[in-house]
Amino acid sequence: MGGGRIVAGCLAPHPPHLVYAENPPQNEPSSEGGWEQLRWGYDRLRASLAEVDHDVVVILSPHWQTYVGTHLLGLEQFEGFSVDPVFPNLFRYTYDLTIDLDLAEGIHAEALAAGLDAHMMRNPDFRVDYGTITTAHLTDPEWSKPLVVISSNRSRHYYSVEVMQEMMAELGRATKKAIEASGKRAVVLASNSLSHRHFTTEPEVPEDMSHEHITSHAMHLWDMRIIDHMVNGRTKQLLDEMPEFTDQAIAETDGGALTWLLHALDLPEYKATLHGYGTVIGTGNAVVEWPAWRHQEGSA
Amino acid sequence: MTVVASFVVPVHPHPMLAPESNEGYGRLRAAFDEASARIEASGADLLIVYSTTWPSIIGHQIQADPNPVWNLVDHDFHELGTMHYDFDIDADFAHAWRDAAEGRGLTARTVNYHGFPIDVGSVVSLSLLNPGNRIPAVIVSSNVYANRTETTVLAKSCLDAAAAAGKKVAVVAAMSLSNRMFTRRIEPEEDRIHSLKDDEWNRKILQFLEDGRLEDVGQLSRTIHHQIRVQKVVAFKPMWFLSAMNDHRNDLTGEVLAYEALHGAGGAVIHLDPASNGRGDKEYDEENVEVFGGDRNVLDTDSEEQDTEDAPAAHPAPASNSGPALWDPVEGEDAVNTDTAPKPVGAYPHARRVGDMLYLSGVGPRQPGTNAIPGGPIHDGKGQALDYDIKAQTRAVVQNVERVLKEAGGSLENVVDVTSFLVDMDRDFAGYNEVWADTLGKVGPTRTTLAIRSLPTPIAVEMKVVAHLPQ
Ligand SMILES: [Fe+2]
């Protein structure tokens, strides 16, 4: 097969609050809404992705945390019940998802070839992490596409942001190669927030938006700076500033997803589309799309 | 005695799922079995697990599902198999603990949700230490932002609840010593502690614990965290929890049942028996905190805007920023005044002599010179309540009484009658009474204790003292 490519890449964060606010049938708790700015951002992202023909969605979530290499879901199907360990009051979600096993194996093989430690996860009892479930739901509530799910290696914690970036650059390139070799059109999702300082208390009604705001001005400035880099195509500068951003904004980019995404997209110099920004329990979240297909020859 | 036994156990699934694949894993498993037998022999009727693999953000979470059942697969070591669990949780105790924690100023909540993901450290320790749910258990999370005060107070609230329920508790800290793993998969026979440095620090910790010096290890927590811990969380907390559960003692009877490598991390099974090892307790130099005063919000530039609206503020307000003006003590023929006692807040002397009797003006804890209040003021300049230490305030009152008596040529021995005033009898009587027993209680004056609405400065205790002091 030829013609495999990444047709779009997205920063698609996973606050379970957004699923909770939507009251989908899969989620047990019910709410009166909330976090509309971000949910409208996801509406715009979904509308945009609906225009882009694609076969598979590849997700890297910071809540499948692995210390021993990078892992990929390695069975054709996973079903289960995902409960957020921090916000179990908001997120108890019944899932049933399909894996594109060929592409997962392809990325695994390319990662090994690039010198990374990589493993296929083939235990059927494994519970898929709530970050993956949330991001997958928010981008495609119908679960209409097969997924490839990649763990977040915690090299940031074991070494440094710099080492994390090197590893995630390799993994991003390996992902790109495997997608190209697969002949498939893939949407690639980095499931992470930006600034990530939480409030340590929760209002009585979690969706009470009078309590919702960024935790500090410094966090806001960092988020706006990073978004500005994205929407102006300054990927290299963003990656250069990633160590400071990750440390100072305690950003969820520590899980490597954004660095991985930007390398899978081959360091885009075109402008990304900001679909929405909002805070969730104080953390900064942006929904951003790199419409790679617009910049590829002969595609539409 | 509330805590009848304490244990440190590792969090990795290998001793549970693959004890035969490596001799070290097998020895850890045997040590788990031995610890399990000791818990049974201890007569404990409640097992408390503080698990470092259960991180939380909104305060501490306490498991309150009476019967959590699930299949757990480790994020890294999924190839070892599935851990099925089916636990009996003491939900009543979980709720009582939450209430006690909130009573001490902490944010805490119980979780009771079908399918809640119980963490690997808790599953391994409960499965191996409490087979067949011999005794009910409760699991508590490790808050990622919590530091020593919060962790210590969490333990004290557990002791409050256990004492109220008349429980005999076995405490388990599910934790690694050094926690750096090999970042590539290794064969079981290749397993060893990740580095010599990690091994040396682990052995130092083991030696301390074998000597029963739990509080000393707690005091070393920050150093240990920097030396041999991957910086995943804010601090190395479980020793703070365990030490506070054991009254910050340094004379426990410790025994290391096993110490082995788990994919590079340091895993140990350690038994700490509350029986004194007879070697004598040791001093410690960090504060023994009783309540949590809330986040200090050190990152906020604007103190008007509080992240934590529910928690009482604990800004360390200088004591001299509020309260009435200070006066020089009134001089007079029979007056006794001294620079070593705090200045009056009105026109009166420190004491007045009438024959062999010395009558002291009301004495509070304020310090001469600085006007600071040991144990902290009871409210800030805006009247917002602050956390304070009644014992420290009471001790300071007694010291000030002693200073005035010394100026008059006497000592505490001369005190014959005391009237004490407390602004919060319910909160403070016990602490005040404890200090009294250690000081004036040994002299034996008559005493009357009254609850009053307030005192002129932000203090919680004042004493009116009469002494018999022959010239
Ligand atoms: Fe997250």
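How many residues does the largest nonpolar core have, and which of them have the most contacts inside it?

Mentor: First, the ground rules. This is a predicted model, in which local features need pLDDT of at least 70 and side-chain atom pairs count only at pLDDT 80 or more, while totals for chains, interfaces and linings use all residues. Residues are numbered from 1 along each chain as its sequence is written, chains are lettered from A and ligands numbered from 1 in the order written, and side-chain values use heavy atoms, without hydrogens or water.

The largest nonpolar core has 99 residues, and A:Val58, A:Met230 and A:Trp290 have the most contacts inside it. A nonpolar core is a set of buried Ala, Val, Leu, Ile, Met, Phe, Trp, Tyr and Cys residues joined through side-chain atoms within 4.5 Å; buried means under 20% relative accessible area, with a 1.4 Å probe and protein chains only. Take A:Met230: beyond its neighbours within four places in sequence, its contacts (heavy atoms within 4.5 Å) include A:Leu11, A:Leu194, A:Tyr270, A:Lys271 and A:Trp290. Apart from this core lies another, of 52 residues, including B:Val171, B:Ile205, B:Leu209 and B:Ile270.

B:Trp97 lies in helix α3, residues 91-103, a helix being a DSSP run of H or I of at least four residues, numbered from the N terminus. B:Trp97 counts as buried because its relative accessibility is 0%. Leaving out residues up to four places away in sequence, B:Trp97 touches B:Ile48, B:Ile62, B:Val138, B:Val140, B:Leu154, B:Ser157, B:Cys158, B:Ala161 and B:Phe241. B:Ser125 is 28 residues from B:Trp97 in sequence and 21 Å away in space, C-alpha to C-alpha. For chain B as a whole, buried residues make up 55% of the 471 residues. Of its contacts between residues at least 6 apart in sequence, 76% join residues at least 24 apart.

Technical notes
Buried means under 20% relative accessible area, exposed over 50%, partly exposed in between (1.4 Å probe, protein chains only). Helices (H or I, at least four residues) and strands (E, at least two) are DSSP runs, numbered from the N terminus.
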